[in-house]
Amino acid sequence: MRVEFILNGESVCVEAEPTDRLLDILRGQFSLGGVKEGCGEGECGACSILLNNRLVNSCLVAMGSIVGAAVVTIEGYRTTKRYEVLERTFAKAGAVQCGFCTPGMIMAAEALLSKNPTPTTDEIRAAISGNLCRCTGYNMIIQAIEMAAKEGVGLW
Amino acid sequence: MVKAYHPKTVKEALIWKERCPKARIYAGGTDFMVAPNKETDILFINQIKELHRIEETEETIVIGAACTYLELQENPLIPSLLKEAVKELASPAIRSIGTLGGNICNASPAGDMLPLLYVLEAKLKLSSQAGSRKLSLNDFILGVRKTALMPEELLEAIILPKESFTLTYYKKIGARKSTAISKVSFSGVAVIENDVVMDVRMAFGSVGTTVVRKTEIEALASNRLLSELPISEMIREYDNAIQPIDDQRSTAAYRKTMCLYLAEDFLSNIGNQISYIR
């Protein structure tokens, strides 16, 4: 089937099977390699993107389900001022080691801050609870998001 | 070649459901996409606006079957007990697209919302081109992934009676807090008036082919003074009634032990008239 949707702000159209995973189309057809595949079953959050402004695992999204929807990946998000703040605070806090979880973590941080610009530590923990990181032990990621909320006042 | 249908309305969806009774329903996709069947036609209902409505009548709250957990969390009509339990389900990204209707129709013994929906005595509106019928959740779920849904039918809405309780209780036990399939889940509600137990309902998940709810055991508590609640007798009865199994997530012995602890904790807190979640 032909699937038209909005990808990082632009209308796109792609030929896909209805059950093709959005993850594979983003990586394969659109070369958006910032969307990572970890577990492939919605457990790790490495493939997190925004679908109509909500955080989702793109491995669990069928192409047939997103007709007309708006998809934002890390590649689209990185052109924003909000991203600049998160990039800076993630670096400052040492929140990136191997980096595999980072695009998903950034998307989860955006999903949180866009709804709640002044989150508590517990709210941050809950917001990234579906994103696994095997390097940092999470504390630096939580600090990075706390710092972003402070440094990015007014952006979210 | 797999066919995909994208109805815009429930009416249109029911036409397709009758024409292609074997088509699989795609609501949130969070279970479907873990093991997608590439051979079966698919009826996508996730973009049908009517199925995302949440409305109230004088006596009920009517939840469209394709409402996501996030939509439930954001809606003021949804009872707080349900909202609190939703927080324990999966992860934010799964709650963005996973649906209450999907949790029901998948009929997994470990469905996180099911014990709660059993004690809230949810009813289901099942529709086909011929009309609609209402069925209690208890009569709808027949076994592991088996339901009473007819091939030409679609789950259209979940209907919750409006009730108030003096105690509500929900607890899920998994290997970790987030994104875990439960080893045991438990939900209880109670109504106390002037120190007399008017109503007690308890349901256990992940410990049988369907959720376990035993109204005959609950009845032992009705019309008893709080001080005379037969807790040990009830626990003994649940000990006989709950027969879990060993599997990759847990053992029968652990599950049984936890069920009885949770039941006891709930029953001994009935007099405290506070909500307990987690």
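1. Helices (H or I, at least four residues) and strands (E, at least two) are DSSP runs, numbered from the N terminus. On this basis A:Asn8 is found in the loop between β1 (2–7) and β2 (10–15) of chain A. Its phi is near 50 degrees, a positive value in a residue other than glycine. A:Asn8 is partly exposed, with a relative accessible area of 26%, where buried means under 20% relative accessible area, exposed over 50%, and partly exposed in between (1.4 Å probe, protein chains only).

2. A word on the basis of the notes: this is a predicted model, in which local features need pLDDT of at least 70 and side-chain atom pairs count only at pLDDT 80 or more, while totals for chains, interfaces and linings use all residues. Residues are numbered from 1 along each chain as its sequence is written, chains are lettered from A and ligands numbered from 1 in the order in which they are written, and side-chain values use heavy atoms, with hydrogens and water left out.

3. A second residue to check in chain A is A:Ser31, which has a positive phi of about 50 degrees although it is not a glycine. This residue lies in the loop between α1 (22–28) and β3 (48–51) of chain A, and at 58% relative accessibility A:Ser31 counts as exposed. By contrast, A:Thr102, in helix α4 (residues 102–115) of chain A, is buried with a relative accessible area of 13%.

4. Turning to the interface, 30 residues of chain B are in contact (heavy atoms within 4.5 Å) with 28 residues of chain A. The area buried between the two chains, that is, the accessible area (1.4 Å probe) that two parts lose on being put together, summed over both, is about 2,200 Å², and carbon and sulfur atoms give 58% of this area. On the side of chain B, the residues that lose the most area to chain A are B:Met33, B:Ala93 and B:Ile97, together 22% of what that side buries.

5. As for elements, β3 (42–44) and α4 (92–97) of chain B each supply at least two residues of the side that touches chain A, and α4(B) gives the most, with five residues.

6. Leaving aside neighbours within four places in sequence, B:Ile63 is in contact with residues including B:Ile54, B:Leu72, B:Ile78 and B:Leu100. B:Leu72 is placed in helix α2 (residues 69–73) of chain B and, at 1% relative accessibility, counts as buried.

7. Over all chains the count comes to 19 salt bridges. In chain A, the side chains of A:Glu151 and A:Arg88 meet in a salt bridge (3.4 Å, N to O); A:Glu151 lies in helix α6 (residues 139–151) and A:Arg88 in helix α3 (residues 81–93), so the pair ties together parts that are 63 residues apart in sequence. A:Asp24 and A:Arg21 also meet in a salt bridge (2.8 Å, N to O), where A:Asp24 is partly exposed at 36% and A:Arg21 is buried at 16%.

8. In chain B, the side chains of B:Arg213 and B:Glu121 meet in a salt bridge (2.8 Å, N to O). This pair links distant parts of the chain, 92 residues apart. Salt bridges that share partners join B:Glu121, B:Glu163, B:Asp199, B:Arg201, B:Arg213 and B:Glu218 into one network.

Technical notes: Salt bridge = Lys/Arg side-chain N within 4 Å of Asp/Glu carboxyl O.
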